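Visitor: I would like a close look at one part of this model, please.

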Amino acid sequence: MTDAPPPHANGNTVLLHGFGTSGHLWRTVRESLSGAHAPDLMGFGTQASAGRADQGTADMGEALLPLLRSLHAARGPVTLAGHSMGGKVAMWVAATRPDLVRRLVLIAPSPPTPEPMSDEDRAALRAAHGDRAALTRQYRTITRQPLSETDFRQLVHDGLCASPAAWTAWTDHGSREDITARLVGLRAPVTVLYSADDPAIAADTIRREVLGRLPGAQAHEVRGSGHLLPLEQPAEVVAALLDV
């Protein structure tokens, strides 16, 4: 894991976590972005009880709007970042409410098109909910850098505590959604950070289905990291968020 740089005050940044995790995913990044917000998405973390079997990308995005409106009223449009599933939600929000988003940062994002996944992998992901051993295997499979014991335990804990309804909803529905038509409303500049060695969302998928559908997006490719960039390469994530 790469250490994060010294802290910068940044109270107008919102960080959206990926599937099965929670706002804890951003622990190290937030140490360098004092005041950044990392809300839990519908069905995960502290919002597990809000999970619904019919929820999709729009439902998770709509649930974030009160926070974004509040920040906008106090400080203006936000820098909105999203990892994996959170990246797809962030795209939806930035395109639907462009007045609330100053800049969009996508980190190993789920594409706006259906996420490529074999039926076997989708079934395994669905079955991993509530299974400590399966979650442990999953997180070891999708990472390339060693994680601290604290972070790894938190990942497994978040996976165990996620709403079963929300877990299945993303696996079977949200990850298959196509929101490309929505992207016509996107006005904010976009940065995409991804790893050439990501075993969960391949670099080719990012280039074709994310960068290929976001003309003008600034791309940053790193090597040696797996899917969990906020934990594996926090310094790269902070640099992308600060645009340095």
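How do the residues of the lining of the largest pocket divide into nonpolar, polar and charged?

Guide: This is a predicted model, in which local features need pLDDT of at least 70 and side-chain atom pairs count only at pLDDT 80 or more, while totals for chains, interfaces and linings use all residues. Residues are numbered from 1 along each chain as its sequence is written, and side-chain values use heavy atoms, without hydrogens and water.

The lining of the largest pocket divides into 15 nonpolar, seven polar and three charged residues (Ala, Val, Leu, Ile, Met, Phe, Trp, Tyr, Cys and Pro are nonpolar, Asp, Glu, Lys and Arg charged, and the others, Gly among them, polar). A pocket is an open set of points on a 1 Å grid over the protein atoms alone, where a 1.4 Å probe fits, with protein on both sides within 12 Å along at least five of seven lines; lining residues have an atom within 4 Å of a point.

The volume of this pocket is about 630 Å³, counted as the space filled by probe spheres set on the points, which are joined across faces, edges and corners. Of its 25 lining residues, Asp121, Leu125, Gln138, Ile142 and Ala200 are the closest to the centre.

Two helices (DSSP runs of H or I, at least four residues, numbered from the N terminus) can be picked out here. Both α4 (119-127) and α5 (132-142) supply at least two residues of the lining. The most comes from α5, with six residues.

Now follow α4 to another neighbour, helix α7 (residues 164-172): the two axes come within 9 Å and cross at roughly 170°. Axes are lines fitted to C-alpha atoms over the stretch in contact, and angles run from 0 to 180 degrees between N-to-C directions. α4 and α7 are therefore roughly antiparallel to each other (the word applies to angles over 145 degrees).

In this pairing Arg122, Leu125 and Arg126 of α4 meet Trp167, Thr168, Thr171 and Asp172 of α7 (contact means heavy atoms within 4.5 Å). By class, that contact has two nonpolar, two polar and three charged residues.

Technical notes: Angles under 35 degrees count as roughly parallel, over 145 as roughly antiparallel, 65 to 115 as roughly perpendicular and the rest as oblique.
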